[in-house]
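Subject: A structure for you to look at

Hello,

Here is the structure I promised to pass on. Please have a look at it first, and then read on for what turned up in it.

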Amino acid sequence: TPPVPEEKTHKVNRMFGNGLRPQVWKEFVTRFNIKNISEFYGATEGNSNIVNNENKVGAVGFVGVIEPKWLQELLLPLMLIKVDPVTREPIRNQNGLCIRCEPGEPGEFVGKIVRGD
């Protein structure tokens, strides 16, 4: 629909939701005069989630790297794993374990399940 002046005459200063596609983010912010957007991923799918509360386009799908790896697994027990682009099944190594994505590589978001947690 075409923009109308009333779209900017509100007191909303933050939007929080399940994600805003990077392709429409800037246009949405400009059109509706929303100063800050926060988004989350994994809200209903399972035991882990990630949040973008820094108002950065596309950051909700980003999982930072903490070194050493044992510290990352302790503090942030989630990762992106490689998946087959056609079947969407996890790609596994010779031991049958899922393979972590390299930085910048797309993958499937998974979290560690801790018994009793």
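A residue counts as buried when its relative accessible area is under 20%, as exposed when it is over 50%, and as partly exposed in between. By that rule E7 is buried, because its relative accessible area is 15%. Please keep in mind throughout that this is a predicted model.

First, the overall picture. The protein chain has two helices and five strands, and along the sequence they follow the pattern β-α-β-β-α-β-β. Of its 117 residues, 19% count as buried. The chain exposes about 9,000 Å², with carbon and sulfur atoms supplying 56% of that area. Among contacts between residues at least 6 apart in sequence, 35% join residues at least 24 apart.

Now the charged side chains. The structure holds three salt bridges.

- E7 pairs with R31, and their closest N and O atoms are 2.7 Å apart.
- K82 and E105 meet in a salt bridge at 3.8 Å, N to O. Both residues belong to the loop between β4 (78–81) and β5 (108–111), and the pair ties together parts that are 23 residues apart in sequence. K82 is partly exposed, with a relative accessible area of 24%, and E105 is also partly exposed, at 27%.
- E108 forms a salt bridge with R88, where the closest N and O atoms are 3.9 Å apart. Here strand β5, which holds E108, is linked to the loop between β4 and β5, which holds R88, and the two residues are 20 apart. The relative accessibility is 33% for E108, which counts as partly exposed, and 46% for R88, which counts as partly exposed too.

What does E39 do without a salt bridge? This residue lies in strand β2 (residues 36–41). E39 is buried, and the nearest side chain of opposite charge, R14, is 10 Å away. A polar atom of the E39 side chain does, however, lie 2.8 Å from the backbone nitrogen of L20.

On to the aromatic rings. The structure holds two aromatic pairs. In one of them, the rings of F16 and F40 have their centres 5.0 Å apart and their planes at 35°, so the pair is tilted. F16 lies in strand β1 (residues 14–17) and F40 in strand β2, so this pair ties together parts that are 24 residues apart in sequence. That places F40 in the strand that also holds E39.

The other pair is F28 and F32, whose ring centres are 4.9 Å apart; their planes stand at 45°, so this pair is tilted as well. How far apart are F28 and F32 in helix α1? They are four residues apart in that helix (residues 22–32), which means a separation of about one helical turn. F28 is partly exposed, with a relative accessible area of 23%, and F32 counts as partly exposed at 24%.

Best wishes

Notes:
Residues numbered from 1 in each chain as written. Predicted model: local features only at pLDDT ≥ 70, side-chain atom pairs only at ≥ 80, totals over all residues. Heavy atoms only, no water. Buried < 20%, exposed > 50% of the residue type's maximum accessible area, 1.4 Å probe, protein only. Lys, Arg positive; Asp, Glu negative; His and termini not counted. Salt bridge = Lys/Arg side-chain N within 4 Å of Asp/Glu carboxyl O. Polar contact = N/O pair within 3.5 Å; in protein donor to acceptor, adjacent residues only side chain to side chain. Phe/Tyr/Trp six-rings, centres within 6.5 Å; stacked < 30°, edge-to-face > 60°. Contact = heavy atoms within 4.5 Å. Areas by Shrake-Rupley, 256 points an atom, 1.4 Å probe, with all protein chains shown as cover.
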